[in-house]
Amino acid sequence: MSKPTPIFEAPWHAQLFALTVHLHEKGVFTWPDWTVDFGVTLADHRLSGDLNGGDDYFNAWLATLERVLQDNKMASGAAVEDMRSAWEQAYLSTPHGHPVKLPA
Amino acid sequence: MPHDHDPDHPHALLPPDPALRVKALETILTEKGLIDPAALDEIIDTYEHKIGPQNGAKVVARMWSDPQFRAAMLDDPMPLLDDMGFYGRQGEHMVIVENTPEVHNVVVCTLCSCYPWPLLGIPPGWYKSDAYRSRVVREPRKVLAEFGVDLPEDKKVRVWDSTAEIRYLVVPERPSGTDGLSETELEALVSRDSMIGTALAKGLKA
(Lines give C-alpha, C1' and ligand atoms only; values in the text may rest on other atoms or scores of the structure.)
Protein backbone atom coordinates (compact mmCIF):
# COMPACT_ATOMS: atom_id res chain seq x y z
CA MET A 1 0.00 0.00 0.00
CA SER A 2 1.07 3.61 -0.41
CA LYS A 3 2.61 5.26 2.62
CA PRO A 4 0.08 6.24 5.27
CA THR A 5 -1.17 9.79 4.95
CA PRO A 6 -3.94 11.33 7.02
CA ILE A 7 -7.32 10.59 5.47
CA PHE A 8 -8.45 14.15 6.24
CA GLU A 9 -5.84 16.90 6.35
CA ALA A 10 -7.67 18.88 9.03
CA PRO A 11 -10.27 17.86 11.63
CA TRP A 12 -12.80 20.31 10.21
CA HIS A 13 -12.56 18.64 6.78
CA ALA A 14 -13.66 15.40 8.46
CA GLN A 15 -16.45 17.11 10.42
CA LEU A 16 -17.75 18.86 7.32
CA PHE A 17 -17.61 15.66 5.27
CA ALA A 18 -19.48 13.70 7.93
CA LEU A 19 -22.08 16.41 8.41
CA THR A 20 -22.79 16.45 4.68
CA VAL A 21 -23.02 12.67 4.37
CA HIS A 22 -25.33 12.55 7.39
CA LEU A 23 -27.63 15.27 6.02
CA HIS A 24 -27.76 13.43 2.71
CA GLU A 25 -28.71 10.21 4.51
CA LYS A 26 -31.38 12.10 6.40
CA GLY A 27 -32.86 12.98 3.01
CA VAL A 28 -32.06 16.71 3.05
CA PHE A 29 -30.65 16.46 -0.50
CA THR A 30 -29.88 13.80 -3.07
CA TRP A 31 -26.24 13.13 -3.84
CA PRO A 32 -26.59 14.01 -7.54
CA ASP A 33 -28.08 17.40 -6.54
CA TRP A 34 -25.24 17.89 -4.09
CA THR A 35 -22.58 17.20 -6.73
CA VAL A 36 -24.20 19.67 -9.13
CA ASP A 37 -24.31 22.42 -6.46
CA PHE A 38 -20.79 21.64 -5.35
CA GLY A 39 -19.55 21.61 -8.95
CA VAL A 40 -20.96 25.11 -9.44
CA THR A 41 -19.16 26.42 -6.34
CA LEU A 42 -15.91 24.77 -7.38
CA ALA A 43 -16.17 26.39 -10.81
CA ASP A 44 -16.85 29.79 -9.18
CA HIS A 45 -13.93 29.48 -6.80
CA ARG A 46 -11.64 28.37 -9.60
CA LEU A 47 -12.03 31.81 -11.21
CA SER A 48 -9.84 33.20 -8.45
CA GLY A 49 -7.05 30.71 -9.09
CA ASP A 50 -6.49 26.96 -9.32
CA LEU A 51 -7.73 24.97 -6.35
CA ASN A 52 -5.16 22.71 -4.72
CA GLY A 53 -7.62 20.12 -3.45
CA GLY A 54 -6.96 20.81 0.26
CA ASP A 55 -8.37 23.68 2.34
CA ASP A 56 -9.66 25.53 -0.72
CA TYR A 57 -11.58 22.45 -1.83
CA PHE A 58 -13.27 22.13 1.55
CA ASN A 59 -13.89 25.90 1.66
CA ALA A 60 -15.90 25.45 -1.54
CA TRP A 61 -17.62 22.44 0.04
CA LEU A 62 -18.52 24.52 3.12
CA ALA A 63 -19.84 27.42 1.03
CA THR A 64 -22.05 24.93 -0.84
CA LEU A 65 -23.43 23.35 2.32
CA GLU A 66 -24.11 26.74 3.91
CA ARG A 67 -26.05 27.78 0.82
CA VAL A 68 -28.05 24.54 0.71
CA LEU A 69 -28.97 24.85 4.41
CA GLN A 70 -29.91 28.48 3.92
CA ASP A 71 -32.12 27.62 0.93
CA ASN A 72 -33.75 24.83 2.95
CA LYS A 73 -34.37 27.24 5.85
CA MET A 74 -32.39 24.95 8.14
CA ALA A 75 -29.71 27.49 9.07
CA SER A 76 -29.87 31.14 8.04
CA GLY A 77 -26.73 33.13 7.26
CA ALA A 78 -27.35 35.35 10.29
CA ALA A 79 -27.82 32.35 12.60
CA VAL A 80 -24.58 30.78 11.36
CA GLU A 81 -22.67 34.05 11.85
CA ASP A 82 -24.06 34.48 15.40
CA MET A 83 -23.19 30.92 16.33
CA ARG A 84 -19.73 31.19 14.73
CA SER A 85 -18.98 34.24 16.80
CA ALA A 86 -20.34 32.61 19.95
CA TRP A 87 -17.87 29.76 19.39
CA GLU A 88 -15.06 32.20 18.73
CA GLN A 89 -15.81 33.98 22.02
CA ALA A 90 -15.94 30.64 23.81
CA TYR A 91 -12.47 29.71 22.52
CA LEU A 92 -11.02 33.10 23.39
CA SER A 93 -12.40 33.03 26.91
CA THR A 94 -11.57 29.39 27.77
CA PRO A 95 -8.21 28.84 29.45
CA HIS A 96 -5.84 26.63 27.49
CA GLY A 97 -6.32 22.93 28.23
CA HIS A 98 -9.96 23.25 29.30
CA PRO A 99 -12.82 21.93 27.19
CA VAL A 100 -14.40 24.69 25.12
CA LYS A 101 -18.15 24.99 25.60
CA LEU A 102 -20.77 27.50 24.64
CA PRO A 103 -22.15 29.48 27.58
CA ALA A 104 -25.33 27.73 28.76
CA MET B 1 -0.64 37.30 13.11
CA PRO B 2 -0.07 39.58 16.13
CA HIS B 3 -1.27 37.93 19.27
CA ASP B 4 -1.11 39.73 22.58
CA HIS B 5 -2.47 37.19 25.02
CA ASP B 6 -0.92 36.79 28.43
CA PRO B 7 1.49 33.82 28.20
CA ASP B 8 0.59 32.78 31.75
CA HIS B 9 -3.09 32.45 30.90
CA PRO B 10 -3.26 31.61 27.22
CA HIS B 11 -6.73 30.85 25.93
CA ALA B 12 -7.65 27.73 24.05
CA LEU B 13 -6.20 27.63 20.54
CA LEU B 14 -8.69 29.30 18.22
CA PRO B 15 -9.54 27.03 15.27
CA PRO B 16 -9.48 28.53 11.75
CA ASP B 17 -12.58 30.38 10.58
CA PRO B 18 -14.07 27.56 8.46
CA ALA B 19 -13.71 25.18 11.41
CA LEU B 20 -15.78 27.60 13.52
CA ARG B 21 -18.39 27.82 10.78
CA VAL B 22 -18.65 24.02 10.60
CA LYS B 23 -19.07 23.93 14.40
CA ALA B 24 -21.74 26.61 14.09
CA LEU B 25 -23.69 24.52 11.56
CA GLU B 26 -23.40 21.43 13.74
CA THR B 27 -24.61 23.29 16.83
CA ILE B 28 -27.56 24.87 15.05
CA LEU B 29 -28.68 21.60 13.44
CA THR B 30 -28.18 19.63 16.65
CA GLU B 31 -30.20 22.15 18.67
CA LYS B 32 -33.00 21.87 16.13
CA GLY B 33 -32.85 18.08 16.42
CA LEU B 34 -32.04 17.75 12.70
CA ILE B 35 -28.82 15.80 13.15
CA ASP B 36 -27.35 13.26 15.52
CA PRO B 37 -23.78 14.17 16.55
CA ALA B 38 -22.99 10.51 17.32
CA ALA B 39 -23.76 9.65 13.69
CA LEU B 40 -21.12 12.15 12.58
CA ASP B 41 -18.47 10.50 14.77
CA GLU B 42 -19.47 7.13 13.37
CA ILE B 43 -19.08 8.37 9.78
CA ILE B 44 -15.64 9.83 10.49
CA ASP B 45 -14.50 6.65 12.24
CA THR B 46 -15.67 4.55 9.31
CA TYR B 47 -13.68 6.48 6.72
CA GLU B 48 -10.61 7.01 8.92
CA HIS B 49 -10.29 3.43 10.09
CA LYS B 50 -12.52 0.92 8.32
CA ILE B 51 -12.84 1.75 4.64
CA GLY B 52 -9.94 2.31 2.31
CA PRO B 53 -8.03 1.08 -0.73
CA GLN B 54 -7.47 -2.29 0.97
CA ASN B 55 -11.06 -3.07 -0.10
CA GLY B 56 -10.37 -2.34 -3.75
CA ALA B 57 -7.13 -4.33 -3.56
CA LYS B 58 -9.09 -7.41 -2.43
CA VAL B 59 -11.33 -7.10 -5.47
CA VAL B 60 -8.38 -6.74 -7.84
CA ALA B 61 -6.43 -9.64 -6.34
CA ARG B 62 -9.47 -11.87 -6.61
CA MET B 63 -10.07 -10.85 -10.22
CA TRP B 64 -6.45 -11.72 -10.99
CA SER B 65 -6.78 -15.12 -9.31
CA ASP B 66 -10.27 -16.27 -10.22
CA PRO B 67 -11.31 -16.13 -13.91
CA GLN B 68 -14.97 -16.80 -13.14
CA PHE B 69 -15.08 -14.01 -10.58
CA ARG B 70 -13.29 -11.73 -13.04
CA ALA B 71 -15.83 -12.39 -15.79
CA ALA B 72 -18.73 -11.81 -13.44
CA MET B 73 -17.22 -8.56 -12.14
CA LEU B 74 -16.76 -7.20 -15.63
CA ASP B 75 -20.32 -8.17 -16.50
CA ASP B 76 -22.23 -6.98 -13.40
CA PRO B 77 -20.13 -6.20 -10.34
CA MET B 78 -22.85 -5.02 -7.96
CA PRO B 79 -24.11 -8.39 -6.59
CA LEU B 80 -20.54 -9.56 -5.96
CA LEU B 81 -19.48 -6.31 -4.33
CA ASP B 82 -22.54 -6.56 -2.15
CA ASP B 83 -21.50 -10.09 -1.14
CA MET B 84 -18.03 -8.87 -0.25
CA GLY B 85 -19.51 -6.09 1.90
CA PHE B 86 -18.20 -3.35 -0.37
CA TYR B 87 -21.55 -1.86 -1.19
CA GLY B 88 -22.70 1.47 0.13
CA ARG B 89 -22.45 5.23 -0.09
CA GLN B 90 -21.04 6.37 -3.40
CA GLY B 91 -20.47 2.85 -4.61
CA GLU B 92 -24.00 1.98 -5.68
CA HIS B 93 -23.17 1.76 -9.39
CA MET B 94 -19.65 0.61 -9.99
CA VAL B 95 -18.09 -0.04 -13.36
CA ILE B 96 -14.88 -2.08 -13.42
CA VAL B 97 -12.42 -1.15 -16.17
CA GLU B 98 -9.52 -3.46 -16.82
CA ASN B 99 -6.09 -2.48 -18.04
CA THR B 100 -4.69 -4.66 -20.82
CA PRO B 101 -1.49 -4.65 -22.86
CA GLU B 102 -3.38 -2.45 -25.35
CA VAL B 103 -5.33 -0.07 -23.10
CA HIS B 104 -4.59 1.91 -19.95
CA ASN B 105 -7.53 3.32 -17.99
CA VAL B 106 -7.51 6.34 -15.71
CA VAL B 107 -10.33 7.84 -13.65
CA VAL B 108 -11.23 11.45 -12.89
CA CYS B 109 -14.23 13.48 -11.81
CA THR B 110 -14.25 16.71 -13.76
CA LEU B 111 -17.35 18.05 -11.99
CA CYS B 112 -16.20 17.72 -8.37
CA SER B 113 -14.57 14.63 -6.90
CA CYS B 114 -16.87 11.64 -7.31
CA TYR B 115 -14.95 8.57 -6.16
CA PRO B 116 -15.81 4.96 -5.21
CA TRP B 117 -15.81 5.37 -1.43
CA PRO B 118 -16.62 1.74 -0.48
CA LEU B 119 -13.63 0.48 -2.49
CA LEU B 120 -11.07 3.26 -2.13
CA GLY B 121 -12.14 5.40 0.82
CA ILE B 122 -11.73 9.17 0.66
CA PRO B 123 -9.91 10.60 -2.38
CA PRO B 124 -6.41 12.02 -2.00
CA GLY B 125 -5.84 15.78 -2.30
CA TRP B 126 -4.47 15.62 -5.83
CA TYR B 127 -7.60 13.84 -7.10
CA LYS B 128 -9.60 16.89 -5.96
CA SER B 129 -7.20 19.47 -7.38
CA ASP B 130 -8.04 21.54 -10.44
CA ALA B 131 -4.70 20.62 -11.93
CA TYR B 132 -5.57 16.93 -12.07
CA ARG B 133 -9.27 17.30 -12.81
CA SER B 134 -8.79 19.50 -15.85
CA ARG B 135 -5.46 18.28 -17.17
CA VAL B 136 -5.93 14.51 -17.12
CA VAL B 137 -8.69 14.87 -19.69
CA ARG B 138 -6.69 17.19 -21.97
CA GLU B 139 -3.27 15.60 -21.73
CA PRO B 140 -3.56 12.24 -19.97
CA ARG B 141 -0.18 10.91 -21.12
CA LYS B 142 1.63 13.93 -19.78
CA VAL B 143 -0.17 13.78 -16.44
CA LEU B 144 0.48 10.04 -16.16
CA ALA B 145 4.17 10.62 -16.93
CA GLU B 146 4.26 13.11 -14.04
CA PHE B 147 2.95 10.30 -11.82
CA GLY B 148 5.82 8.15 -13.11
CA VAL B 149 3.70 6.13 -15.54
CA ASP B 150 5.37 6.36 -18.94
CA LEU B 151 3.15 4.55 -21.40
CA PRO B 152 4.38 3.25 -24.74
CA GLU B 153 3.08 5.32 -27.65
CA ASP B 154 1.03 2.47 -29.09
CA LYS B 155 -0.89 1.97 -25.85
CA LYS B 156 -4.31 3.62 -25.80
CA VAL B 157 -5.37 5.72 -22.84
CA ARG B 158 -9.01 5.85 -21.78
CA VAL B 159 -10.12 8.53 -19.34
CA TRP B 160 -13.31 7.79 -17.40
CA ASP B 161 -15.21 10.75 -16.00
CA SER B 162 -17.06 9.76 -12.81
CA THR B 163 -20.48 11.09 -11.98
CA ALA B 164 -22.70 11.13 -8.93
CA GLU B 165 -24.25 7.92 -10.28
CA ILE B 166 -21.38 5.96 -11.84
CA ARG B 167 -17.99 5.30 -10.26
CA TYR B 168 -15.08 3.44 -11.79
CA LEU B 169 -12.44 1.09 -10.47
CA VAL B 170 -9.36 0.40 -12.57
CA VAL B 171 -8.00 -3.14 -12.47
CA PRO B 172 -4.27 -2.79 -13.10
CA GLU B 173 -2.44 -5.41 -15.16
CA ARG B 174 -1.13 -8.29 -13.11
CA PRO B 175 2.67 -8.21 -12.92
CA SER B 176 4.48 -11.15 -14.52
CA GLY B 177 6.24 -13.60 -12.24
CA THR B 178 3.40 -13.54 -9.72
CA ASP B 179 1.79 -16.85 -10.70
CA GLY B 180 2.50 -18.58 -7.41
CA LEU B 181 1.27 -15.77 -5.17
CA SER B 182 -1.78 -16.06 -2.93
CA GLU B 183 -4.58 -13.51 -3.08
CA THR B 184 -3.31 -11.90 0.11
CA GLU B 185 0.17 -11.56 -1.37
CA LEU B 186 -1.29 -10.13 -4.57
CA GLU B 187 -3.28 -7.53 -2.61
CA ALA B 188 -0.01 -6.02 -1.43
CA LEU B 189 0.88 -5.22 -5.06
CA VAL B 190 -2.26 -3.15 -5.62
CA SER B 191 -1.91 0.47 -4.53
CA ARG B 192 -4.68 3.05 -4.31
CA ASP B 193 -3.23 4.96 -7.24
CA SER B 194 -3.08 1.83 -9.40
CA MET B 195 -6.87 1.53 -9.01
CA ILE B 196 -7.34 5.17 -10.08
CA GLY B 197 -4.99 4.55 -12.98
CA THR B 198 -2.19 6.92 -11.99
CA ALA B 199 0.15 4.05 -11.08
CA LEU B 200 0.78 0.48 -12.15
CA ALA B 201 0.66 -2.57 -9.93
CA LYS B 202 3.91 -2.96 -8.01
CA GLY B 203 6.54 -4.85 -9.92
CA LEU B 204 5.09 -3.89 -13.31
CA LYS B 205 6.76 -1.76 -15.95
CA ALA B 206 4.86 0.30 -18.53
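**Domains of chain B**

I began with chain B, which is divided into domain 1 (17–48) and domain 2 (53–196); such bounds come from an automatic or database domain assignment. I looked up the distance between the centres of domain 1 and domain 2 of chain B, taken over C-alpha atoms, and found 31 Å.

**Conventions**

I noted that this is a predicted model, in which local features need pLDDT of at least 70 and side-chain atom pairs count only at pLDDT 80 or more, while totals for chains, interfaces and linings use all residues. Residues are numbered from 1 along each chain as its sequence is written, chains are lettered from A and ligands numbered from 1 in the order in which they are written, and side-chain values use heavy atoms, with hydrogens and water left out.

**Interface of chain B and chain A**

I looked up contacts (heavy atoms within 4.5 Å) and found 55 residues of chain B touching 52 residues of chain A. The size of an interface is often given as the accessible area lost when the parts come together. I therefore took the buried area, which is the accessible area (1.4 Å probe) that two parts lose on being put together, summed over both. Between chain B and chain A the value is about 4800 Å², with 69% from carbon and sulfur atoms. B:Arg21, B:Leu25 and B:Asp130 supply 12% of what chain B buries against chain A, more than any other three residues.

Next I looked up salt bridges (a side-chain nitrogen of Lys or Arg within 4 Å of a carboxyl oxygen of Asp or Glu). The count between the two chains is four. A:Arg46 pairs in this way with B:Asp130, and their closest N and O atoms are 2.9 Å apart.

I then asked which elements of chain B give two or more residues to the side that touches chain A. They are helices H1 (17–31), H2 (37–50), H3 (53–65), H7 (125–128) and H8 (130–138). Here helices (H or I, at least four residues) and strands (E, at least two) are DSSP runs, numbered from the N terminus. H1(B) gives the largest share, 14 residues. By class, I recorded 31 nonpolar, seven polar and 17 charged residues on this side of chain B. Ala, Val, Leu, Ile, Met, Phe, Trp, Tyr, Cys and Pro count as nonpolar, Asp, Glu, Lys and Arg as charged, and the others, Gly among them, as polar.

**Positive phi**

Most residues other than glycine have a negative phi. I looked up A:Lys73, where phi is near 60°. A:Lys73 sits in the loop between H3 (55–71) and H4 (77–93) of chain A. It counts as exposed at 73% relative accessibility; buried means under 20% relative accessible area, exposed over 50%, partly exposed in between (1.4 Å probe, protein chains only).

B:Gln90 also has a positive phi, about 60°. Its place is the loop between helix H5 (77–83) and strand E1 (94–98) of chain B. Is B:Gln90 buried or exposed? I found B:Gln90 buried, with a relative accessible area of 3%.

**Two further residues**

I looked up A:Pro99 in the segment after H4 of chain A; A:Pro99 is exposed at 60%. Its C-alpha atom is 26 Å from that of A:Ala78, 21 residues away along the chain.

B:Thr30 lies in H1 of chain B and is partly exposed at 30%. Leaving aside neighbours within four places in sequence, I found B:Thr30 in contact with B:Ile35 and B:Pro37. B:Thr30 and B:Ser182 are 152 residues apart in sequence, with 49 Å between their C-alpha atoms.
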